[in-house]
Amino acid sequence: MLNNTDWKTSVQDYSNALLGIEVTLSADPVTPDTGFSQLAKITCNLRKNNRTIYLIGNGASASMASHLCADLAKNARIHTQVFSDLSLITALANDLSYADVFSEPLKTCGKEGDLLVAISSSGESANIIKAANIARQLNMTTITFTAFSPANTLRKSGDINFFVNVGSYGAAESCHSMMLHHWMDMVSL
């Protein structure tokens with residue numbers, strides 16, 4: 001658990017959490033380097049084939065999705081999209097349900113060969129899980145970034161799954177940010 005007040009101990013705890021990430025490819029455990037290499041390969045193929053990366057998350061994970069969307073578009077020259085327009089979110093939440101805020105636009109925009117990156121600390125957010133299910137129906141590749149419980153639902157939904165074994169939102173968000181930036185650095189032009 002990462003809740004030390006001593007700076008040096010906190011930094012060491014974050015380092016240990018990041019060094020201990022668990023990665024699965026389909027359901028098989030792989031090393032982090034293998035997982036990130038596979039993700040980089042998928043990303044480069046997407047760029048070559050002019051496909052789209054969709055990034056989704058709630059709260060701070062939504063901020064990370066938006067941030068990475070911009071970085072991937074600018075630095076990796078990849079078409080990206082987030083569904084963070086307030087009018088879209090509130091219309092879908094009001095007219096359908098909050099569980100549909102990502103899956104409904106993904107149904108319209110997502111295509112076979114695209115990529116969904118789903119970021120969720122708990123791995124149990126209904127709207128994220130529903131979007132992952134739609135991505136699977138559309139034959140998209142799904143990448144997950146989760147924490148808290150190794151048995152979380154979202155982690156079972158991805159083609160490549162990155163799990164960090166921490167139990168607080170701050171720790172999960174900080175680790176996910178580092179992992180997402182590592183991916184970004186691997187695919188920048």
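Biologist: How many helices and strands does the protein have, and what makes a stretch count as one or the other?

Modeller: The protein has seven helices and seven strands. Along the sequence they follow the pattern α-β-β-α-β-α-β-α-α-β-α-β-β-α. This is a predicted model, in which local features need pLDDT of at least 70 and side-chain atom pairs count only at pLDDT 80 or more, whereas totals for chains, interfaces and linings use all residues. Residues are numbered from 1 along each chain as its sequence is written, and side-chain values use heavy atoms, with hydrogens and water left out.

Biologist: How do you know that the radius of gyration agrees with a compact globule?

Modeller: The radius is taken over C-alpha atoms, and the globule rule is 2.2 Å times the number of residues to the power 0.38. For 189 residues a compact globule would have a radius near 16 Å, and the protein has 16 Å, so the two agree. The C-alpha atoms fill a box of roughly 45 × 40 × 30 Å along the principal axes.

Biologist: Why is Thr142 called buried?

Modeller: Buried means under 20% relative accessible area, exposed over 50%, and partly exposed in between, with a 1.4 Å probe and protein chains only. Thr142 has 2% relative accessibility and therefore counts as buried. Thr142 is found in strand 6. Contact means heavy atoms within 4.5 Å; leaving aside residues up to four places away in sequence, Thr142 touches Leu115, Leu116, Ala132, Ala135, Ser157, Gly158, Asp159 and Ile160. In the protein, buried residues make up 44% of the 189 residues.

Biologist: Is Asn50 buried or exposed, and why?

Modeller: Asn50 has a relative accessible area of 62%, so Asn50 is exposed. Asn50 lies in the loop between helix 2 and strand 3, and its phi is near 55°, a positive value in a residue other than glycine. Ser26, in the loop between strand 1 (22-25) and strand 2 (28-30), likewise has a positive phi, near 60°.

Biologist: What makes a set of residues a nonpolar core, and which members touch the most others in the largest one?

Modeller: A nonpolar core is a set of buried Ala, Val, Leu, Ile, Met, Phe, Trp, Tyr and Cys residues joined through side-chain atoms within 4.5 Å. The largest core has 35 residues, of which Val117, Phe162 and Trp183 touch the most other members. Helix 2 (32-48), strand 3 (52-56), helix 3 (60-75), strand 5 (115-120), strand 6 (141-146), strand 7 (160-163) and helix 7 (169-187) each give two or more residues to this core. Helix 7 contributes the largest share, eight residues. A second, separate core of 17 residues includes Phe83, Leu106, Ile134 and Ala135. In soluble globular proteins, nonpolar side chains tend to be buried together.

Biologist: Which residues does Val117 touch?

Modeller: Beyond four places in sequence, Val117 touches Ile53, Tyr54, Leu55, Ile56, Ile143, Phe145, Leu180 and Trp183.

Biologist: Why is Ile119 called buried?

Modeller: Ile119 has a relative accessible area of 0%, so Ile119 is buried. Ile119 lies in strand 5, and its contacts beyond four places in sequence include Ile56, Met64, Phe145, His176 and Leu180. Ile119 and Ile143 are 24 residues apart in sequence and 8.5 Å apart in space, C-alpha to C-alpha.

Technical notes
Helix = DSSP H or I, 4+ residues; strand = E, 2+ residues; numbered from the N terminus.
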